[in-house]
Amino acid sequence: MKPLELERWAKARAQGMLRYVLVSGLLMWGLPMFVVMTFVISRPQPPVALSAILWSVGGVGFGVAMWFIQEHRYRKATQAH
């Protein structure tokens, strides 16, 4: 990780996993994907409520996965020094 990345991740991890997952996963990934895949892409659609649930779960999963990936990168970078 570059120094700026280390600094940003240190701030994000200080705020906690729950906040990171909700903001980065649900709001920054799940919500845009829901909007695009439900209202922009032209294809057979599941009901809007089902789509919202699926993309919310996907956003949380994405946030959790990114938390662990970033945490691994952070630990690896800080142990190397």
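Hi everyone, let's start with the largest pocket, whose lining has 5 nonpolar, 3 polar and 3 charged residues. Here Ala, Val, Leu, Ile, Met, Phe, Trp, Tyr, Cys and Pro count as nonpolar, Asp, Glu, Lys and Arg as charged, and the others, Gly among them, as polar. A quick word on the source: this is a predicted model, where local features need pLDDT of at least 70, side-chain atom pairs count only at pLDDT 80 or more, and totals for chains, interfaces and linings use all residues. Residues are numbered from 1 along each chain as its sequence is written, and side-chain values use heavy atoms, with hydrogens and water left out.

Back to the pocket. The lining is made up of Met1, Glu5, Arg8, Trp9, Ala12, Gln15, Arg19, Tyr20, Val23, Ser24 and Gln70. The elements that give two or more residues to that lining are α1 (3-15) and α2 (17-40), and α1 gives the most, with 5 residues. The space in the largest pocket is about 200 Å³. For the method: on a 1 Å grid over the protein atoms alone, a pocket is an open set of points where a 1.4 Å probe fits, with protein on both sides within 12 Å along at least five of seven lines, and lining residues have an atom within 4 Å of a point. Grid points are joined across faces, edges and corners, and the volume is the space filled by probe spheres set on the points.

Now α2 itself. This helix bends by about 35° at leucine 26, the bend being the angle between axes fitted to the seven residues ending there and the seven starting there. Its buried residues are Tyr20, Val21, Gly25, Gly30, Phe34 and Thr38; buried means under 20% relative accessible area, exposed over 50%, and partly exposed in between, with a 1.4 Å probe and protein chains only.

Which residues does valine 60 contact, leaving aside its neighbours within four places in sequence? They are Val21 and Leu26, with contact meaning heavy atoms within 4.5 Å. Valine 60 is found in helix α3 (residues 48-80) and is partly exposed, at 33% relative accessible area. Between valine 60 and tyrosine 20 there are 9.7 Å, C-alpha to C-alpha, and 40 residues in sequence.

Finally, the whole protein. It has 3 helices and 0 strands, helices being DSSP runs of H or I, at least four residues, and strands runs of E, at least two, numbered from the N terminus. Its C-alpha atoms fill a box of roughly 50 × 20 × 15 Å along the principal axes. Of its 81 residues, 22% count as buried. Thanks, everyone!
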